[in-house]
Amino acid sequence: MHGIDDETLTFLLKHGHLDQQELLKRGIHSYQPLKYADVVDHLARILQTEKWFPRYWEPESAGEAIYEMIIVERKLPFLFICHVQRHSPLDPTLLDGKEAQNILLCQIGCAFLLEI
């Protein structure tokens, strides 16, 4: 991939943040744009080896704050579930929306995840 190493891209896809100084330390310049197809391919490789992305998830217990998230779970080599949920803007312990989307092809799942 041009301009960014796999480890850094994975870190960023897992909701990591790097300031400009850290990017420069890693030899990454902001003028080097990422290609969408490269990001999809990278994420597809990750999903072939990890069961959960960006992290493991299980439903919160009653009274716990709801984790607003988009998480992909690999069920089989060709079957993925994209979990999406959000909490109420008035109460972070109240579930406001939840959806699970079955996805059969990894690249389609990656594109779905990146576009949400």
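This report describes the fold, a helix packing, the salt bridges and some local features of a predicted model.

**Overall fold**

The protein chain contains four helices and four strands. Along the sequence the elements come in the order α-α-α-β-β-β-β-α. There are 116 residues in the protein chain, and 33% of them are buried. Among contacts with a separation of 6 or more, 48% are between residues 24 or more positions apart. The protein chain has an accessible surface of about 7500 Å², and carbon and sulfur atoms account for 57% of that surface.

**Packing of α1 and α3**

Two packed helices are described by the angle between their axes and the distance between the axes. Helix α1 covers residues 6–13 and helix α3 covers residues 36–47; the two pack at an angle of about 85°, and their axes are 11 Å apart. An angle from 65 to 115 degrees counts as roughly perpendicular, so α1 is roughly perpendicular to α3. On the α1 side, the contact is made by D6, L9, T10 and L13. On the α3 side, V39, H42, L43, R45 and I46 take part. Sorted by type, the residues of this contact are five nonpolar, two polar and two charged.

**Salt bridges**

Side chains of opposite charge can pair when their charged atoms come close. The count of salt bridges in this model is six.

| Residue | Partner | N to O distance |
|---|---|---|
| E22 | R26 | 3.0 Å |
| K51 | E73 | 3.8 Å |
| E73 | K75 | 3.3 Å |

K51 is partly exposed, with a relative accessible area of 40%. E73, in contrast, is buried, at 7% relative accessibility. E73 also forms a salt bridge with K75, and K75 is partly exposed at 42%.

Elsewhere, E22, K25 and R26 are linked in a network of salt bridges.

**Residues in the loop between β1 and β2**

Y67 is placed in the loop between β1 and β2. Its relative accessible area is 26%, so Y67 counts as partly exposed, given that the partly exposed range starts where buried, under 20%, ends. Leaving aside residues up to four places away in sequence, Y67 touches R55, W57, E60 and Q85. Y67 and P92 are 25 residues apart along the chain, and their C-alpha atoms are separated by 8.4 Å.

P54 is also in the loop between β1 and β2. The peptide bond that leads from F53 to P54 is cis, with omega near 5°.

**Two residues in other loops**

S88 is found in the loop between β3 (79–87) and β4 (95–103). With a relative accessibility of 9%, S88 counts as buried, because buried means under 20%. The residues touched by S88 are L94 and D96, when those up to four places away in sequence are not counted.

H15 sits in the loop between α1 and α2 (20–25). H15 has a phi near 75°, which is a positive value in a residue other than glycine. The relative accessibility of H15 is 58%, so H15 counts as exposed.

For both the cis bond and the positive phi, a general point gives the background. Most residues other than glycine have a negative phi, and most peptide bonds are trans. Against that background, the model shows a cis peptide bond from F53 to P54 and a positive phi at H15.

Methods: Residues are numbered from 1 along each chain as its sequence is written. This is a predicted model: local features need pLDDT of at least 70, side-chain atom pairs count only at pLDDT 80 or more; totals for chains, interfaces and linings use all residues. Side-chain values use heavy atoms; hydrogens and water are left out. Buried means under 20% relative accessible area, exposed over 50%, partly exposed in between (1.4 Å probe, protein chains only). Contact means heavy atoms within 4.5 Å. Accessible areas come from the Shrake-Rupley method with a 1.4 Å probe; for residues, only the protein chains shown count as cover. Axes are lines fitted to C-alpha atoms, for helices over the stretch in contact, and angles run from 0 to 180 degrees between N-to-C directions. Angles under 35 degrees count as roughly parallel, over 145 as roughly antiparallel, 65 to 115 as roughly perpendicular and the rest as oblique. Ala, Val, Leu, Ile, Met, Phe, Trp, Tyr, Cys and Pro count as nonpolar, Asp, Glu, Lys and Arg as charged, and the others, Gly among them, as polar. A salt bridge is a side-chain nitrogen of Lys or Arg within 4 Å of a carboxyl oxygen of Asp or Glu.
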